[in-house]
Amino acid sequence: MTRRILVVGDVMTDVIVVPDGPIVKGSDRRAKVRSRPGGSGANQAVWLGAMGADVRFAARVAEADRPMYENYFRGLGVVPLLAGDRAEPSGVLVTIIDSDGERSFLTDRGANLNLCAADLPASLLDGVSMVLVSGYSFFAPGPRSAVLALLAEARARGVAIAIDPASVGFLLEVGPAAFLDWTSGADWIFANAEEAETLTGAADVATQMALLGAHFAHVVIKRGAQGALLGDRTGVCLKQPAPVVRVLDSTGAGDAFAAGFIAAHLDGAEAADAMAAGVAAGARAVQTIGGQPG
């Protein structure tokens with residue numbers, strides 16, 4: 001039976017835009033526009049729930065939206081631990097998907113920016129084996145302070161910590177050195193190829209692995225169609241190829257990978273099997289529109 005995991009991160013409404021060709025500045029372009037639940041932390045929690053994990057999800061949403069979100073997450077196997085915000089709306093993310101499935105984001109984090117210590121009491125760690133934190137929670141002072149206090153408590157209790165950097169744009173905004181200072185010492189980091197290069201300043205994957213391994217006990221680098229790598233300060237220990245699939249939307253693929261890997265890992269799977277589970281989940285994610293299981 002999978003042990004309990006606590007996910008901390010953003011809840012967003014994803015507005016997904018798939019233009020029918022290049023965007024014409026100052027004029028019209030036909031497009032498919034869809035609205036779906038999203039957010040990196042929410043995606044991870046829902047994928048974990050879909051895999052049968054015992055998962056709790058802590059986040060902040062608009063007070064008026066809280067009952068709807070609580071019902072939504074419960075229906076997908078996630079125990080919601082949501083705080084309500086009376087001042088700010090729930091977060092919204094506009095995703096523009098180009099013809100090869102790559103995406104660009106416009107982000108209004110809304111209530112997520114008000115996540116605070118009262119939303120993350122130490123009691124959330126009761127019975128938890130791992131806490132997974134989305135990098136978005138480190139990119140603003142209030143949420144960062146709350147998350148760092150929770151992670152200090154997790155370390156004191158011997159609870160494993162996993163970090164997903166989440167956003168190259170915000171990593172560059174706060175500075176890679178600062179982000180590493182906040183997260184160094186965590187048991188796991190799940191970084192995509194661009195995040196790994198941003199955090200290390202190195203283009204070579206072996207160097208990335210060694211440099212990230214100086215901060216994190218276990219390093220996973222997600223490389224999209226090239227699969228994924230697992231290693232530590234000594235270098236790459238394991239390579240997992242990815243299947244060839246048709247990419248419709250890469251949104252949430254990294255979240256799905258992390259969920260697949262962690263669910264298998266906490267179930268006692270060997271490293272190679274956990275990597276295979278992560279890659280399989282990521283491959284499934286890119287074949288549907290949106291960041292959560294279709």
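Predicted model: local features only at pLDDT ≥ 70, side-chain atom pairs only at ≥ 80, totals over all residues.
Me: Let's start with helix α5. Which of its residues are buried?

Reply: Helix α5 covers residues 176–183, and its buried residues are F179, L180, W182 and T183.

Me: How do I read that pattern around the helix?

Reply: Here is the general idea first. An α-helix has 3.6 residues a turn, so residues three or four places apart point the same way. Now the case at hand: the buried residues of α5 fall within an arc of 160° when seen down the helix axis, so they line one face.

Me: And which exposed residues sit on the face of α5 turned away from the buried side?

Reply: That face carries A177 and D181, which are exposed.

Me: Now the sheets. How should I think about strand pairing?

Reply: In general, strands of a sheet pair through backbone hydrogen bonds, either parallel or antiparallel. In this model, nine strands make an open sheet with mixed pairing, in the order β5-β4-β1-β8-β9-β10-β11-β12-β13. At its edges are β5 (78–85) and β13 (235–240), each pairing on one side only. Neighbouring strands in this sheet are turned by 20° against each other on average, direction ignored.

Me: Which pair in it could I inspect as a parallel example?

Reply: Take β10 (residues 188–192) and β11 (residues 218–222), which run parallel and are joined by five bridges. N192 stands opposite K222 of β11.

Me: Which strands does α8 lie across, and at what angle to β10 does it run?

Reply: Helix α8 lies across β1 (5–8), β8 (130–134), β9, β10, β11 and β12 (228–232), and runs at about 150° to β10. Helix α6 lies across β9, β10 and β11, at about 110° to β10.

Me: What is the strand order of the open sheet of four strands?

Reply: The order is β3-β2-β6-β7, and the pairing is mixed. β3 (31–38) and β7 (103–108) are the edge strands. For an antiparallel example, look at β6 (residues 91–97) and β7, which pair over six bridges. There, V94 has L106 in β7 as its bridge partner.

Me: How do I read the nonpolar cores?

Reply: As a general rule, nonpolar side chains tend to be buried together in soluble globular proteins. The largest nonpolar core here has 42 residues, and L48, F57, F73, F190, F261 and I262 touch the most other members. Helix α8 (residues 253–266) gives this core its largest share, ten residues. Another core, of 36 residues, lies apart from it and includes V8, A146, L171 and F179. F179 is also one of the buried residues of α5.

Me: One last item: how many disulfides does a search of the whole structure find?

Reply: The search finds zero disulfides. Looking at individual cysteines, C116 is partly exposed at 29% relative accessible area, while C237 counts as exposed at 51%.

Methods: Residues numbered from 1 in each chain as written. Heavy atoms only, no water. Buried < 20%, exposed > 50% of the residue type's maximum accessible area, 1.4 Å probe, protein only. Helix = DSSP H or I, 4+ residues; strand = E, 2+ residues; numbered from the N terminus. Arc of directions from axis to C-beta. Core = buried A, V, L, I, M, F, W, Y, C linked by side-chain atoms within 4.5 Å. Pairing = 2+ DSSP bridges. Axes fitted to C-alpha atoms, helices over the stretch in contact; angles between N-to-C directions. Contact = heavy atoms within 4.5 Å. Disulfide = S-S within 2.5 Å.
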